[in-house]
Amino acid sequence: MTEDQLQSKFFIWAHNTYPQIRGLLFAVPNGGFRNKIEAMKLKATGTVAGIPDILLLWDHTVHAFEFKTEEGAISPEQKKIHEIWRLNGYNVYLVRDFESAKRILCQIINQ
């Protein structure tokens, strides 16, 4: 399963399982290949390298999900952002499989 497939499977499951998080769980389309002009525009309008894939705004905090395959590596930019967020009290989860993602979300929602 690719990172995109894992992320998609999680998002669809979460959207259908927890309707109360609709609008509070969303993807941050930060990756992919773009032409130089589009990349410059995105950077100028606030796109920041390393931002996690999916964010959940829940119970007055941010929960960030970074999806990687078993072999997938965290980039230096992602490491930096994850560290900054954790130092500021935000939760960042590195997710490598669907069951882990489900378990984390269930723990957050059912606290």
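I began with a cut-off: a residue is partly exposed when its relative accessible area falls between the buried limit, under 20%, and the exposed limit, over 50%. I also noted that this is a predicted model.

**Entry: helix 4**

With that cut-off in hand, I looked up Lys102, and its relative accessible area of 22% makes this residue partly exposed. I then asked which side chain Lys102 meets in a salt bridge. The partner is Glu99, at 3.8 Å from N to O. Both residues sit in helix 4 (residues 98-109), three residues apart, so about one helical turn separates them. Glu99 counts as partly exposed too, at 46% relative accessibility.

**Entry: the other salt bridge**

I found two salt bridges in the structure. In one of them, the side chains of Lys68 and Glu3 meet at 3.9 Å, N to O. Lys68 lies in the loop between strand 3 and helix 3 (76-87), while Glu3 belongs to helix 1 (residues 3-17), so this pair ties together parts 65 residues apart in sequence. Is Lys68 buried or exposed? Lys68 counts as buried, at 7% relative accessibility. Glu3 is partly exposed, with a relative accessible area of 26%.

**Entry: the strands**

Next I turned to the strands. Strand 1 (residues 25-27) pairs with strand 2 (residues 54-58) in the antiparallel sense, over three bridges. Here I saw Leu25 opposite Leu56 of strand 2. Strand 2 also runs antiparallel to strand 3 (residues 61-67), and five bridges join them. Last, I checked the hairpin of strand 2 and strand 3: two residues lie between the strands, and Asp59 takes a positive phi near 55°.

Key: Residues are numbered from 1 along each chain as its sequence is written. This is a predicted model: local features need pLDDT of at least 70, side-chain atom pairs count only at pLDDT 80 or more; totals for chains, interfaces and linings use all residues. Side-chain values use heavy atoms; hydrogens and water are left out. Two strands pair if DSSP finds at least two bridges between them. Helices (H or I, at least four residues) and strands (E, at least two) are DSSP runs, numbered from the N terminus. A salt bridge is a side-chain nitrogen of Lys or Arg within 4 Å of a carboxyl oxygen of Asp or Glu. Buried means under 20% relative accessible area, exposed over 50%, partly exposed in between (1.4 Å probe, protein chains only).
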